[in-house]
Amino acid sequence: MNILFAVILGLAMGAVFGIALEKSRVFEPGTIVSQMQLRTFLMLKVFLTAVVTGLVVLAVLNGAWGVKMFPKALVWQADIVGGMLLGVGISIAGACPGTVFAQIGAGYRDAWFTVTGGILGAMTFGYLEPALRPIMLSGGPGKLTLDQVAHIPFWAFALAVAAALAGVLAVVERFKPWREEAGPDFDGLAALASRPERSTPASLSSASA
Amino acid sequence: MTLRDKAWSPYAARILIGLLQIPAFLLIETALGTSSSYVTIAAHIAAFADTSVGKMDYFAKHMYGAKNLWQVAMVIGIVVGAFASMKMSGARRQTISPVWNRAVGFRSLSSRAPMAFAGGFIMVLGARIADGCTTGHGISGVAQLALGSTVAVTAMFAGAIATALLMKRV
């Protein structure tokens, strides 16, 4: 693989990714926090839609052309402890490791601190990895997938799961239309009856702090 | 649905992201992910101060090569794409989101910055322990029906919901 090609492709794919994240408003801290307080469901919709699309794409790529798959291994301790820490961090940061870059692009200045913290977190993990590997990063059944467990061809299982999730999405959308969930200022926050006046933008109060 | 809109249907936007799996699988031979780019960047920074980094397996395997540099280029592309999209729609964001005033009473960048830093630290540390983030485990892993990713995503939502419920209602 030519490095220059990989970098140009990465920039191009990232640009599409960034536009899609910005337009979907899923990068908004308001979208993330209100989703996790189960007040809105925009993040779940965006997330499940990407999963459904991925399932269909991979069912076709793998089922019709046998394109190789890259599932990650199941390691119980790592998946549970790491997953929970990831979740705690997501609510505190108001971002995911990928969407924080869209926050930077859209103008949120605290996102620079989130990325800096993330780089330090990655560095800490890199130094701890040799010590953690024997106790929580290894063992487990390996790269297990649901279709293998059920002995059903991947493409069939994937399309069935995609159909089921699409059904869930249709029901959620019926009760929680996305245009309302994006909010009047597209920041993932519904208008409050007693919403504080926005005449004091955060940029002004930060100057005085 | 044009670039001048401030919001697209979440379905349209994310179908686009799901389709990005095609070039990822066919050209880079990997699934879409973003959190290992933090390791690549961290390894290069650590290498300035610590010459042994290049000999540490985990750092070394993330430092060079097309897959690692592709992912770093992709997160830079996300910044550029989101910036261009925001410029075209005019939905420029303030210094910090109003959600932080509602949830924890923070109105200034200086009060929010330590929280953002801590959140980023915990988030990426967790993602590296689990070997993937919302993109790698969530979107790519679940789409491959990987059992480990399904477990990690369930744990992620559990941790995130518990934390968000400790904050004030937004």
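This is a predicted model: local features need pLDDT of at least 70, side-chain atom pairs count only at pLDDT 80 or more; totals for chains, interfaces and linings use all residues.
Trainee: What share of the residues in chain A is buried?

Mentor: A residue is buried if 20 or more other C-beta atoms lie within 10 Å of its own. Chain A has 209 residues, and the buried share of them is 51%.

Trainee: Which element gives the largest share of the side of chain A that touches chain B?

Mentor: The contact takes 118 residues from chain A and 123 residues from chain B. On the side of chain A, the largest share is 19 residues, and these come from α1(A).

Trainee: Is α1(A) roughly parallel or roughly antiparallel to α1(B)?

Mentor: Helix α1 of chain A, residues 3-24, packs against helix α1 of chain B, residues 10-19, with the axes 9 Å apart and at an angle of about 160°. Angles over 145 degrees count as roughly antiparallel. The relation of α1(A) to α1(B) is therefore roughly antiparallel.

Trainee: How many residues of the contact of α1(A) with α1(B) are nonpolar?

Mentor: From α1(A), the residues are A:Val16, A:Phe17, A:Ala20, A:Lys23 and A:Ser24, and they meet B:Pro10, B:Ala13, B:Arg14, B:Leu16 and B:Ile17 in α1(B). Of the residues in this contact, 2 are charged, 1 is polar and the number of nonpolar ones is 7.

Methods:
Residues are numbered from 1 along each chain as its sequence is written. Chains are lettered from A and ligands numbered from 1 in the order in which they are written. Axes are lines fitted to C-alpha atoms, for helices over the stretch in contact, and angles run from 0 to 180 degrees between N-to-C directions. Helices (H or I, at least four residues) and strands (E, at least two) are DSSP runs, numbered from the N terminus. Angles under 35 degrees count as roughly parallel, over 145 as roughly antiparallel, 65 to 115 as roughly perpendicular and the rest as oblique. Two residues are in contact if their C-beta atoms, placed from the backbone, lie within 7 Å. Ala, Val, Leu, Ile, Met, Phe, Trp, Tyr, Cys and Pro count as nonpolar, Asp, Glu, Lys and Arg as charged, and the others, Gly among them, as polar. A residue is buried if 20 or more other C-beta atoms lie within 10 Å of its own, exposed if 12 or fewer, and partly exposed in between; C-beta atoms are placed from the backbone.
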